[in-house]
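Dear colleague,

Please find the structure below, followed by an account of what was found in it.

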Amino acid sequence: MPERRIALVTGGNRGIGLEACRQLAQLDIRVILGARDPAKGQAAAGELRTAGLNVDARHLDVASIQSIRECMNWLRNEVGRIDILVNNAAIMPEDADDDLEELEIIRETMQTNVYGALLLSRMAIPIMKSRRYGRIVNLSSSMAVLSEMGAGYIAYRLSKTGVNVMTRVVAAETEGMGILVNSMDPGWVQTSMGGSRAPRSLAEGADTITWLATLPDSGPTGLFFRDRKPIPW
């Protein structure tokens, strides 16, 4: 019997992240649910375990280098592998009232949405490379598409454009290693960020995550997807 895959999902205690944990665990993947708030992470993982799914919670604040290192060292030393990394955790702050506040918001957003995802990827890749298997899924947004770029939300737009750049660079660096790296736009989903008026369900938003996280070895890398189809950058 093949070994069970191990997946780490950041921001896994609610919304799209929680649904991704559910969908991956339903495929007999052992899921590590990363959460900034340990109590919320344990509660979310407990809900999934009650449904018979193999999900464990782990404290992971993607804005903290120390937290990232502790989580990844635990995975490497105690679990022994990581096959799937879903960089889901993100923030979307409101626009600022003045220039200095705007710069601070941009720094904070980049730290969570880009730098944390990049460090997690950098630390996961050597483990994946040793097994010649890895899938990295980076959550981006249509707000990062340059041809559709509009006004407002500059911090979020910059960060998600950075996620797409990171995807392309890391995909090129890992080519031929059995590691596939892609980003995806979940669309406007009914989450605390998307709001109740959003037309897409959590299951619809997470579907492409699950698909990219379980691609065959012949699957694509370095692309940007929505509804399992590549879209322009």
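A residue is called buried under 20% relative accessible area, exposed over 50% and partly exposed in between, with a 1.4 Å probe and protein chains only. D99 counts as exposed because its relative accessibility is 63%. This residue lies in helix 4 (residues 99-131); helices (H or I, at least four residues) and strands (E, at least two) are DSSP runs, numbered from the N terminus.

This is a predicted model, in which local features need pLDDT of at least 70, side-chain atom pairs count only at pLDDT 80 or more, and totals for chains, interfaces and linings use all residues. Residues are numbered from 1 along each chain as its sequence is written, and side-chain values use heavy atoms, with hydrogens and water left out.

Turning to the aromatic rings, a search of the whole structure finds 2 aromatic pairs. Rings of Phe, Tyr and Trp (its six-membered ring) pair if their centres lie within 6.5 Å; planes under 30 degrees apart count as stacked, over 60 as edge-to-face and the rest as tilted. W211 and F225 form an edge-to-face pair, at 5.2 Å centre to centre and 80° between the planes. The pair links distant parts of the chain, with W211 in helix 6 (residues 202-213) and F225 in strand 7 (residues 224-226), 14 residues apart. W211 is partly exposed at 23% relative accessibility, whereas F225 is buried at 3%.

The pair of F224 and W233 is tilted, because the ring centres are 5.3 Å apart and the planes stand at 35°. F224 is buried, with a relative accessible area of 1%, while W233 is partly exposed at 27%.

With kind regards
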